[in-house]
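Hi everyone, thanks for coming. I'd like to walk you through one structure today, so please have a look at it with me.

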Amino acid sequence: MNRVIKSPTHGNRDKNSQMQGAQEPGANWADRQRYSPPAVDAKKLPASALKALYHTHRSKIQLRQTQQGLYFAVLVYLLFGAADVLLIPDVAMQTVTARLIVAISSMAVMGVLVARHVDLKWIDLSCAATVVMGYLAWLIPSTQTTAEDAFRYYMLFGTIFMMSANLFFNLVFRLSVLTSATILVIFLCSMLFSPPLSLGGSTVVVLFYISCFLFTSYVNWKLNKERYNVFLNAIEAAHQHNEAQKRGEALERLSNTDYLTGIENRRAIDRRLRDYWGAWTNDGTGFAAILVDVDFFKKYNDFYGHQAGDRCLILVANALQEALTPFNASLGRYGGEEFIVLAQLAKRDQVSTLAEVIRSTVERLNLVHDQRRDGQAVVTVSVGASYTRPNSGPKLERIIDEADRALYSAKANGRNCIRLFNPDDPLSSDDNENIASLLRMAVKKDLVKLVYQPIQNLRTGKLEAVEALMRLQMIDGTPISPGQFIPIAERTGSILELGLWAIRRVCTEMLAPGHIPLSSVNVSAIQLKSRGFALAVSTILEETGVKGERLAFEITEGIDMEGQSDVIRCIKDLEALGIRIWLDDFGTGFAGLSWLRLFPFDTVKIDRSFLQDTDQPHGRSMLEDIIRLVRNRGHKILIEGLETPDHVALMHELGIEHGQGFYLGRPAPVADFKDLAKLPAAVGR
Ligand code: C2E
Ligand code: MG
Ligand code: MG
């Protein structure tokens with residue numbers, strides 16, 4: 001950044017006065033006090049414009065100086081009356097009276113001029129006239145004196161008037177030279193009426209006057225030039241200061257702006273959040289934090305390309321910005337496809353209205369997105385909101401955390417919807433936080449265990465496999481359902497440790513002792529995406545001595561697998577270890593049929609929801625259709641959720657070989673499987 005050159009004349013300046021060059025000279029005293037030099041680039045201005053600026057500049061800074069200078073000069077002028085009394089006493093009465101008249105009239109004129117805010121040139125002129133009048137008022141009566149000797153020396157003092165015109169008042173050069181020249185001429189004329197001098201004496205006095213005129217005029221010229229240079233420096237300094245300030249402001253703006261969408265970035269939003277939080281804790285002004293996430297944005301990006309993805313974000317940002325204006329809300333980009341809205345709202349009810357405005361605004365944009373897997377074909381957003389409440393707690397992060405949870409819930413509820421964090425919801429905040437911390441110590445504190453649900457060969461009636469299902473309990477023994485803790489484990493990352501723990505536990509307690517030939521384990525997407533997962537699994541197999549063929553990993557359709565080459569690679573590595581890959585809960589997720597294209601799953605588990613209406617013709621035909629489809633693609637079929645003898649009979653009818661459900665066996669601890677028949681030799685250890 002360029003160094004700012006200090007203005008030699010005025011240090012104080014405020015933003016509003018940067019364009020002072022354009023201001024009228026007749027501005028009032030207060031304006032003149034606040035004046036700072038115009039911040040213009042002198043190099044780009046023609047000389048005439050610079051001169052005009054200089055004139056304005058002078059009028060801003062000079063007026064008070066000139067007025068005060070005049071008062072001071074008048075005072076000295078009056079005091080010189082004493083010299084009159086001493087040196088030319090016979091005409092002192094007249095000179096002192098004349099001095100008084102000039103003093104009073106000049107101060108009165110100055111008072112009127114200042115009061116009328118006249119241009120500086122009139123002030124200058126009045127000063128020049130005062131100087132000339134002052135000289136005349138003293139000179140004319142003095143020439144009548146009889147104290148000739150004293151006067152001959154005393155008249156040399158007339159040069160003081162010249163000096164004051166040239167050096168004391170900062171008059172423009174031409175005016176001051178004209179004034180001092182007038183004094184010189186008056187003096188020369190007065191020589192005719194003054195008491196006579198010798199030739200030598202006259203020559204000395206005239207020469208003294210002329211040299212004084214020349215000398216003070218020269219100094220005056222130099223001073224004026226210097227003043228002009230000082231002015232140029234001052235405007236250059238003001239210009240540089242202005243430029244530096246503008247650059248600073250631009251940098252500040254840049255550091256607070258999202259480079260893509262032009263809205264506030266996370267840094268700016270964090271600051272705003274702190275401000276809002278401050279207002280909330282100080283005077284109870286409530287505010288909402290709303291997180292907005294573009295649904296299936298990765299798919300959009302992958303299919304339409306990154307440029308289109310960027311454009312989509314820009315359009316969403318613009319539309320939201322406009323829609324939020326009436327709410328006086330701030331919009332920022334919080335992450336890749338995540339936006340955040342902060343708004344000070346009087347009531348909690350208004351939060352839902354605002355959240356809905358956000359959701360519907362994006363939907364109304366009608367941006368085509370036919371790659372999403374939920375039947376909709378336009379870009380939409382999921383919205384999670386939270387609102388300050390009396391016991392929000394001492395941390396401002398909490399409100400974002402709550403909005404995040406609400407967003408998570410909006411996503412889990414099918415996206416393109418809004419969710420407002422509800423502190424009264426039993427599954428909300430505190431519970432979830434407890435679960436999250438419970439999960440971190442679950443393995444160490446032995447709070448987690450596995451139960452196994454039988455998977456039966458329906459044709460032979462034999463138990464062929466089990467599905468390992470995780471169970472978590474609180475320290476006091478209260479069970480927590482997987483539907484509640486698995487999503488939290490996924491969100492907090494605990495699933496990585498728990499998932500590996502489950503695989504190892506299945507191997508050690510169920511497979512290695514040979515209780516059952518095959519066990520499936522549910523594997524979450526987070527695990528498949530984590531680096532080194534396949535390697536960790538192979539280590540477990542090696543350490544427990546279990547063959548990979550005895551394990552099946554159930555992957556749910558909810559995972560966004562398409563375009564995730566690392567997930568596919570991981571699945572292939574697992575397959576290479578001999579592990580079978582099953583597709584779980586088929587028919588409930590978003591991917592639908594496209595999933596079957598992606599990977600040659602060994603078995604497809606058809607979700608239990610398809611059994612619901614099988615006593616009705618349309619329900620049954622739906623199940624038949626889905627079975628036909630999976631069968632045609634060559635996958636083995638396993639139907640989940642067989643709860644009644646009718647369900648089993650239906651499976652026989654439809655030729656389904658494998659089933660699982662409460663009717664066939666509920667999830668049970670490993671001990672229940674210990675006494676089962678020995679494994680067929682082929683399965684091996
Ligand atoms: P899932 O993998 O589809 O597991 C089957 C769920 O259906 C189990 O619920 C099981 O108890 C239940 N179920 C089995 N037969 C019937 C039936 O006849 N009727 C009804 N109504 N339900 C039946 P659970 O144990 O509550 O597990 C829920 C989900 O939690 C699992 O669904 C799975 O997605 C997840 N999960 C459980 N254990 C693990 C795990 O170790 N890792 C991961 N990543 N997810 C797990
Ligand atoms: Mg499962
Ligand atoms: Mg399932």
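Let me begin with a term: a polar contact is a pair of N or O atoms within 3.5 Å; within protein, one atom must be able to donate a hydrogen and the other to accept it, and residues adjacent in sequence count only if both atoms are side-chain atoms. With that in hand, look at ligand 1: a polar side-chain atom of Glu 643 lies 2.5 Å from one of its nitrogen atoms. Gln 453 has a side-chain N or O atom 2.8 Å from a nitrogen of ligand 1, and the side chain of Asp 584 has one 2.8 Å from an oxygen of the ligand. On its own, ligand 1 has 790 Å² of accessible area, and the protein covers 83% of that; such areas come from the Shrake-Rupley method with a 1.4 Å probe, and for residues only the protein chains shown count as cover.

Two words on where this comes from. This is a predicted model, where local features need pLDDT of at least 70 and side-chain atom pairs count only at pLDDT 80 or more, while totals for chains, interfaces and linings use all residues. Residues are numbered from 1 along each chain as its sequence is written, chains are lettered from A and ligands numbered from 1 in the order in which they are written, and side-chain values use heavy atoms, leaving out hydrogens and water.

Which elements supply at least two residues each of the shell around ligand 1? They are β7 (462-473), α16 (482-492) and β11 (580-586). Here helices (H or I, at least four residues) and strands (E, at least two) are DSSP runs, numbered from the N terminus. The largest share, 4 residues, comes from β7.

Now to Lys 605, in strand β12 (residues 603-606). Is Lys 605 buried or exposed? Lys 605 is buried, with a relative accessible area of 0%; buried means under 20%, exposed over 50%, and partly exposed in between, with a 1.4 Å probe and protein chains only. Its side chain makes a polar contact of 2.8 Å with that of Glu 467.

Finally, some backbone angles. Most residues other than glycine have a negative phi. Phe 296, however, has a positive phi, near 50 degrees. Phe 296 sits in the loop between β1 (287-294) and α11 (297-304), and is buried at 6% relative accessibility. Asn 328 has a positive phi too, near 55 degrees. Asn 328 is in the loop between α12 (306-324) and β2 (330-333), and counts as exposed, at 62%.
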